[in-house]
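Follow the chains from one contact to the next.

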Amino acid sequence: MKYIVLLKQTPDTAELPKITPEQALAGNEGVTKVMNPWDEYAVEEGIRLKERYGGETVAMSMGPEEVNEALKSALAMGCDRAVRLWDEAFEGSDVWGTALVLAKGIEKDGGADIVLTGKMSVDGNAGAVAHGVACKLGVSLLTQVAKIVEVTEETITVERLLDEGRETVVAPLPAVVSVVKEINEPRYPTFIRIRKASRAKIPVLSAADLGLSPEEVGASAAKVKWVNLEKPAPKKRQVVIIEGETPEEKAAKLLDYLMNVEKVI
Amino acid sequence: MNHYWFNEEHEMLRNVVRTFSEQEIRPKIRELDAREEFDREILQKMGEMGFLGVCIPARYGGAGMDYIALGIVSEMLEWGDTAFRETISVHVALNSLAILQWGTEEQKRRWLVPQARGEKIACYALTEPNAGSDVRGIQTRAVRQGDVYILNGEKMWITLADVADHFLVFAKTDPQAGHRGISAFLVERGAPGMKTGTIHGKLGARASNTGWIVFEDTPVPAENLLGQEGEGFKIAMSALDNGRYTVAAGATGVIRACLEESVAYAKQRTAFGQPIANFQLVQQKIALMQQRLDIATQLVYHAGWLKNQGIRNTRETSVAKWYATEAAFASANDAIQIHGAYGYSNEYNVERYLRNAKGAVIYEGTSEIHTLLQAQYALGYRKDKPLRRELPPYDPEEWTRED
Amino acid sequence: MSVLVWIDQFRGRVQPASWETLGLARTLAEDGRVVAVVIGEGVENVAQDAIAYGADAVLLYDDPLYRDFRFETYNAALKDATTSENPVLVLFPATTRGRDLSASFACTMDLGLAPDAQAVQVEEGRVVVKRPVYSGNMIATVVVETTPAVVSLRPRTAPMPEKDASRSGEVVKKGAVIDGSQVKTQVVGFEEKEAGEVSLTDARIIVSGGRGVKGPEGFEPLRELARVLGAAIGASRAAVDAGWISYDHQVGQTGKTVRPDVYIACGISGAIQHQAGMRESKIIVAINKDPEAPIFQIADYGIVDDLFKIVPALTKEARKRLGAS
């Protein structure tokens, strides 16, 4: 079996509020970047699949050199190797452009039985890369996956987390699986793996390597264009402090406001 | 963190240890500290990840990283809590590195390998009820009888006394010979006549385990003598060069935590209609923390670099330890002041930082001892003579060799 | 122009955000047609409800093939609907299923996707969307360059339209549009979530606890209040990290982003990271002993008192006013 984990390097969540629209639009957020937290679960699951069924787990990401940090984190956790996909032509790709590059990357690497990725990225928030890659590869798509129950030569059985409950689904391989946090607890890298991963040389594949022409990817191919970015307008709020002699009095006054003034209850 | 001391491996290590502290230590620490509880689960995870053999060569079961990495681990663990850095200080710096430096190949196989793998926990038993700074005043006796030494005596303020499996014990083999009469022994828990206990009621580092050890006619096989008979004082002091380095690095982590939390709080907390970060007397305290952090970082990692090069660093380590621990205490004090009444309660971390930081200006050489040491170096009254066995310099090939 | 709206139903139960989406479509379509797409098995009543909530017509794909949500079958139905209606916009509620289906459908049809929109406009035939990015720390304005555009609409963004059972509209029965034997994905089991738990992202009222609840048992009075109000339980990271409540309750930077009508923050100091997940709530109520807690700076109503006194009092009073529940 072969597993490919798709991951993204994103700003550290603690630093997200510090990023300005100008920085974000320029593609240089100027803050610490880490592996997209949602993707850590995908990496962990990719390693667990290898431990359960044998095979190889490959970490893959589209992005400039700085992305190597996230790929090295994946290596430190236990991925066997890493591949980076980058070309100036990829810049400005929308989610489908990104999905196309990743799909080509997977094919170039000899394909995979299971492609794993996190639910979404903490910066783009589209949560559609898995859908795009499955579509471009023409393979099964399984989303909201909270458990991989079984993998056979031909099929994968998973539990999906719905708003209404848990659903068990069987789909043919190959499959793209997007995982949710409930699926596992990502491991810490061991120090030995950190030492080795920090020295890893990660190969880069360009548009030409992937057989992509510049028109197919990047800003020109994007079907969605970002035209503006702004900080959400802070809501003007003036707090009304509710006074009263007893908790009961305060509770009653609050409910008066919520039910009769704001009409929200 | 961009700094010429650090390479990519160090950066990755720093991030991982920070995350570990953030996810494993910080959520639990208030309660562990309040209950004076040592958390073996965290210790177990540290062992599995490689904390306990961070700078031990791979062929002795370690992670094969360098001495700078030992500093980073100490710094970012103490950024979580002092208790866990103390574990690194005694297990890695004071015990394991002493075996790496002074031990025979057989001793390394027997003691160092399981320690580096985290299968056995090690500690360092030097101080006694009546001998702290005054090392030559220790009273524990070791008397050779055939192929064993018989140990009698009491050790006090021993970190991990109730947790460790392996003990590096200092005892007098020749009570008439002053510091030349001290020898070092590797002792395993369960040795006949050996008892340990925990001391409660410490001001800080309450989630650490500190205790006592009593030896009553405890036989120790002669092959467990570390170094030569009478070499114990040098072993103890050379081990302190490593222990103090981790204490200094850990103190840097305290300063870092004080600075980060003070900055966050000062921006969030408002008084007189504006964030308190706007007030210059608050800014002064923050500026001082930044200054202390930068100085401590320089001193600590310079000492780490010297260790990597195999250059004797007793003086540099002493000054790093002296400065960083005092700076940590001062920073914690300032951080509480910035946090106001909240800082005085355990709602925030800073009161714990103050309590924790106080210990480190006392152990592994009080500030007074380090003051005198520096004076003696400066006045030319003290010079470090080469040791029979020096701490081996970091050789990446040698350290990462796996056979 | 016409707007297509997919109605998210599960075993006949409709996610209310579907009706909000229908309401927005009604506004956007102006004089044009709003066509609801209902896919499922035995969901004719859903089609009727869609009319009552504002659809001019419903394309009803009602067949055992559609009993379970599967990308292959649902995409096929949507493709059929899009081909026959030729809409400017295909709208989905940004529910879990809605986001999944809109993404898969858009890619299958090679269309531009704008997920999780909080404002949608049609300007000279082009669809312009405002959507939160950077985990709610920024708002992006995006232009979808394809027709139709595929957009999913954040729950609680558009007002819930009035249900008008007297409205009439055409229900076009379409049935299966794909050979079921070709569909390889099979749903083989389903385990319903325990009743009584209101999902955080959908909730109109959230009662949320932080460090001030002091322990797992401290959430009990909050749960009591939530039961009476029909609210979901939220938590700050501090409470989750301490292990007092499971992660799926976490609101904030690293948890869920919510925007209920009322967010009742109990013993939550209101760190910036927490605010990122709840500051867009319509009304924020803060109950905290510390009058200086930052939560009061973003709250509409505040009670400076012990939550263990106020919350039970609220429960009692609400029970009295809302009737026994």
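A:Val169 faces C:Val187, a residue of S13(C). This is a predicted model, in which local features need pLDDT of at least 70, side-chain atom pairs count only at pLDDT 80 or more, and totals for chains, interfaces and linings use all residues. Residues are numbered from 1 along each chain as its sequence is written, while chains are lettered from A and ligands numbered from 1 in the order in which they are written.

Step back to the strands. S9(A) pairs with strand S13 of chain C, residues 186-192. The sense is antiparallel, over six bridges. Strands count as paired if DSSP finds at least two bridges between them. The elements themselves are DSSP runs, numbered from the N terminus: helices are H or I with at least four residues, strands E with at least two.

Now take in the whole contact between these chains. Chain A gives 66 residues and chain C gives 71 residues. Two residues are in contact if their C-beta atoms, placed from the backbone, lie within 7 Å. On the side of chain A, the elements giving two or more residues include helix H4 (95-108), strand S7 (140-151), strand S9 (165-172) and helix H9 (247-261). H9(A) has the largest share, 10 residues. By class, this side of chain A divides into 39 nonpolar, 12 polar and 15 charged residues. Here Ala, Val, Leu, Ile, Met, Phe, Trp, Tyr, Cys and Pro count as nonpolar, Asp, Glu, Lys and Arg as charged, and the others, Gly among them, as polar.

Chain A also touches chain B. There, 11 residues of chain A meet 13 residues of chain B. Helix H3 (68-77) and helix H6 (191-198) of chain A each supply at least two residues. H6(A) brings the largest share of the chain A side, six residues. That side holds seven nonpolar, two polar and two charged residues.
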